[in-house]
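Open the model in your viewer and keep the selection tool ready. Each stop below gives a selection and says what is there.

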Amino acid sequence: MMKFDDRIAHRVQATRGSVRKFLGKATGDPRLEAEGRRERTRGNVKRAADKLRDAFKR
């Protein structure tokens with residue numbers, strides 16, 4: 001099972017990406033919006049990998 005800290009870190013990364021994307025869209029900054037989208041995706045991929053690892057450990 002993944003460490004609880006890792007799971008929290010991945011969720012925080014996805015949330016931080018969502019916030020950056022929102023701020024980029026709100027301020028009209030396409031670079032910030034793209035960075036947020038990229039960070040959110042990385043966090044979500046890591047979360048999915050955590051779930052997949054846990055499924056195979058059982």
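This is a predicted model: local features need pLDDT of at least 70, side-chain atom pairs count only at pLDDT 80 or more; totals for chains, interfaces and linings use all residues.

Start with helix α2, residues 30-57.

Next, go to the start of α2 and show Asp29 and Arg31. A side-chain oxygen of Asp29 comes to within 3.2 Å of the backbone nitrogen of Arg31.

Now select Glu33, Glu35, Gly36, Glu39, Gly43, Asp50 and Asp54. These are the buried residues of α2. What covers them? Color α1 (4-27): it is part of that cover.

Stay on α1 and check its length.

Which residues of α1 are buried? Select His10, Gln13, Ala14, Gly17, Lys21 and Gly24. The buried residues of α1 pack against α2.

Turn to the surface and pick Phe4, Ile8 and Val12. Together they form a nonpolar patch with about 300 Å² of accessible area. Zoom in on Ile8, which sits in helix α1. Is Ile8 buried or partly exposed? Ile8 counts as partly exposed because its relative accessibility is 39%, and that class lies between the cut-offs of 20% and 50%.

Last stop: Gly28, which follows α1. Read off its phi: the angle is positive, near 75°.

Notes
Residues are numbered from 1 along each chain as its sequence is written. Side-chain values use heavy atoms; hydrogens and water are left out. Helices (H or I, at least four residues) and strands (E, at least two) are DSSP runs, numbered from the N terminus. The expected span of a helix is 1.5 Å times one less than its number of residues. Buried means under 20% relative accessible area, exposed over 50%, partly exposed in between (1.4 Å probe, protein chains only). Contact means heavy atoms within 4.5 Å. A polar contact is a pair of N or O atoms within 3.5 Å; within protein, one must be able to donate a hydrogen and the other to accept it, and residues adjacent in sequence count only if both atoms are side-chain atoms. Patches are made of residues with over 30% relative accessible area and no salt bridge: like charges are joined within 9 Å, nonpolar side chains (Val, Leu, Ile, Met, Phe, Trp, Tyr) within 5 Å. Accessible areas come from the Shrake-Rupley method with a 1.4 Å probe; for residues, only the protein chains shown count as cover. A salt bridge is a side-chain nitrogen of Lys or Arg within 4 Å of a carboxyl oxygen of Asp or Glu.
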